[in-house]
Amino acid sequence: MNETSGSRTLHRLIYFSRQRPMADVDHEVDAIIRTSIQNNRMASITGLLLIHRETFVQALEGPAEAVLTTYGRIINDPRHSGSTIITSGPASKREFADWNMCARRMNPGDDAILDALQMREAFEPSKLTPRSAVRLLQAVRGIQSRSALRSIA
Ligand code: FAD
């Protein structure tokens, strides 16, 4: 099936938001990921969710209508606030094709990624441009793929 033609146009949306205080963040994030994998698989959505210092940065990609409908649910979720779109539009290919939703929490070993964006000291998602947001998430994808390979080896 050709994703780039007609109603199957591939769409990518990237946004950031702030976590609301939660009693058990890890538990909530696990629940979000479980729901996301289930729903996104049915809607042909792939993507990545980055969690860093109470901030979410998420990419959703798939058929335009499915991505926008999913984002419509996400912005109403009380577990975060201030959801702001960094980019939303047609894409030529999937960047996160391996995952219906993959989540990664940045840890100190990932600082090189933030260094490349000059954001180690002050991670400020409102300064991400469409281009730097894709670069950030591509870099996270690279780390995530390598650690998945290590855990298989
Ligand atoms: P229902 O499960 O019927 O829930 C009804 C309402 O309660 C919704 O507003 C829901 O957001 C809210 N809710 C559900 N569980 C909780 C809870 N534990 N605590 C507080 N409120 C709750 N969903 C996807 O399908 N795909 C994604 O990629 C995706 N990414 C997300 C990323 C982030 C950062 C967050 C915070 C949520 C994400 N979600 C995602 C979850 C999404 O917001 C919806 O909760 C989910 O899609 C179910 O929607 P629903 O309308 O069927 O809600």
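Author: One term is needed before the contacts: a polar contact is a pair of N or O atoms within 3.5 Å. Please also note that the model is predicted.
Reader: Thanks. How far is the polar side-chain atom of asparagine 39 from an oxygen atom of the ligand?
Author: The distance is 3.0 Å, from a polar atom in the side chain of asparagine 39 to a ligand oxygen.
Reader: And what about glutamine 58 and its polar side-chain atom?
Author: Glutamine 58 places a polar side-chain atom 3.1 Å from an oxygen atom of the ligand. For arginine 79, an N or O atom of the side chain is 3.4 Å from a ligand oxygen.
Reader: How much of the ligand does the protein bury?
Author: The protein buries 66% of the 900 Å² that the ligand exposes when taken alone.
Reader: Which pocket is that space, then?
Author: The ligand takes up the space of the largest pocket.
Reader: Which elements give two or more residues to the shell around the ligand?
Author: They are helix H1 (25-42), strand S3 (55-63) and helix H2 (64-75). H1 supplies the largest share of the shell, with 6 residues.
Reader: Which residues come nearest to the ligand?
Author: There are 19 residues around the ligand, and Ser36, Asn39, Asn40, Arg73 and Asp77 come nearest. By class, the shell consists of 7 nonpolar, 8 polar and 4 charged residues.
Reader: Changing topic: how many helices and strands does the protein chain have?
Author: The protein chain has 4 helices and 5 strands. Starting at the N terminus, the order of the elements is β-α-β-β-α-β-β-α-α.
Reader: What does the radius of gyration say about the chain?
Author: The protein chain has a radius of gyration of 15 Å, which agrees with a compact globule, because a globule of 153 residues would have a value near 15 Å.
Reader: And what does the C-alpha trace span along its principal axes?
Author: The C-alpha trace of the protein chain spans about 45 × 35 × 35 Å along those axes.

Methods. Residues are numbered from 1 along each chain as its sequence is written. This is a predicted model: local features need pLDDT of at least 70, side-chain atom pairs count only at pLDDT 80 or more; totals for chains, interfaces and linings use all residues. Side-chain values use heavy atoms; hydrogens and water are left out. A residue is near a molecule or strand if one of its heavy atoms lies within 4 Å of it. A polar contact is a pair of N or O atoms within 3.5 Å; within protein, one must be able to donate a hydrogen and the other to accept it, and residues adjacent in sequence count only if both atoms are side-chain atoms. Accessible areas come from the Shrake-Rupley method with a 1.4 Å probe; for residues, only the protein chains shown count as cover. On a 1 Å grid over the protein atoms alone, a cavity is a set of points where a 1.4 Å probe fits but cannot get out, and a pocket is an open set with protein on both sides within 12 Å along at least five of seven lines; lining residues have an atom within 4 Å of a point. A molecule sits in a cavity or pocket if more than half of its atoms lie within 2 Å of its grid points. Ala, Val, Leu, Ile, Met, Phe, Trp, Tyr, Cys and Pro count as nonpolar, Asp, Glu, Lys and Arg as charged, and the others, Gly among them, as polar. The radius of gyration is taken over C-alpha atoms; the globule rule is 2.2 Å times the number of residues to the power 0.38.
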